[in-house]
Amino acid sequence: GRRVRSRQRRAGDRPGELVEVLKLFQTLQINLTSLHSRPFKSKAWHYLFFVEFIGHRTSARVANALKKIQAITTLFYNFGSYPVWTSKQDEHAPSIK
């Protein structure tokens with residue numbers, strides 16, 4: 001089934017590194033669903049980027065993307081995956097008032 005993957009990466013000192021990673025997702029037609037940045041605690045003006053996207057690690061496109069991202073970035077963590085929420089599930093969700 002469709003899965004959302006969560007990843008963390010650190011932008012290095014090289015200009016354009018984040019753009020290179022984002023273009024990789026575009027080129028491989030992988031849909032990003034979330035991108036967040038947080039300051040890197042131990043190094044001023046460095047940031048961690050958290051990325052979520054639709055795909056499964058066994059997919060050739062996703063496996064290719066992950067391999068290339070690891071080669072581009074200086075720090076890379078895989079936080080795992082979870083099922084995509086569907087509108088059918090929304091019908092059974094409790095309402096929030």
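Three aromatic pairs are counted in this predicted model, where rings of Phe, Tyr and Trp (its six-membered ring) pair if their centres lie within 6.5 Å. Planes under 30 degrees apart count as stacked, over 60 as edge-to-face and the rest as tilted. Phe50 and Phe79 make a stacked pair, with 6.3 Å from centre to centre and 25° between the planes. This pair links distant parts of the chain, since Phe50 belongs to strand 3 and Phe79 to strand 4 (residues 76–83), 29 residues apart. Tyr77 and Phe79 form a tilted pair, at 6.4 Å centre to centre and with 40° between the planes. Through ring pairs, Phe50, Tyr77 and Phe79 are linked into a cluster.

Phe50 counts as partly exposed because its relative accessibility is 26%, and Tyr77 is partly exposed with a relative accessible area of 43%.

Residues are numbered from 1 along each chain as its sequence is written, and side-chain values use heavy atoms, with hydrogens and water left out. Because the model is predicted, local features need pLDDT of at least 70 and side-chain atom pairs count only at pLDDT 80 or more, while totals for chains, interfaces and linings use all residues.

The chain has three helices and four strands, and from the N terminus on its elements run β-α-β-β-α-β-α. Helices (H or I, at least four residues) and strands (E, at least two) are DSSP runs, numbered from the N terminus. Of the 97 residues in the chain, 32% are buried. The accessible surface of the chain comes to about 6,900 Å², and carbon and sulfur atoms hold 55% of this area; such areas come from the Shrake-Rupley method with a 1.4 Å probe, and for residues only the protein chains shown count as cover. Among contacts (heavy atoms within 4.5 Å) with a separation of 6 or more, 66% are between residues 24 or more positions apart.

Helix 1 spans residues 17–27, and its buried residues are Glu17, Val21, Leu24 and Phe25. Seen down the helix axis, these buried residues fall within an arc of 95°, so they line one face of helix 1; the arc is that of the directions from the helix axis to the C-beta atoms. Gln26 and Thr27 are exposed on the other side of helix 1. After helix 1 comes Gln29, with a positive phi near 55°.

The largest nonpolar core has twelve residues, among them Val21, Leu24, Phe25, Ile30, Phe53 and Val62. A nonpolar core is a set of buried Ala, Val, Leu, Ile, Met, Phe, Trp, Tyr and Cys residues joined through side-chain atoms within 4.5 Å. Helix 1, strand 3 and helix 2 (60–72) are the elements that give two or more residues to this core, and helix 2 gives the most, with five. In soluble globular proteins, nonpolar side chains tend to be buried together. Phe53 lies in strand 3 (residues 47–54) and counts as buried because its relative accessibility is 0%. Between Phe53 and Thr33, 20 residues apart in sequence, the C-alpha to C-alpha distance is 5.1 Å. Leaving aside neighbours within four places in sequence, Val62 is in contact with Ile30, Phe53, Gly55, His56 and Arg57.

Technical notes:
Buried < 20%, exposed > 50% of the residue type's maximum accessible area, 1.4 Å probe, protein only.
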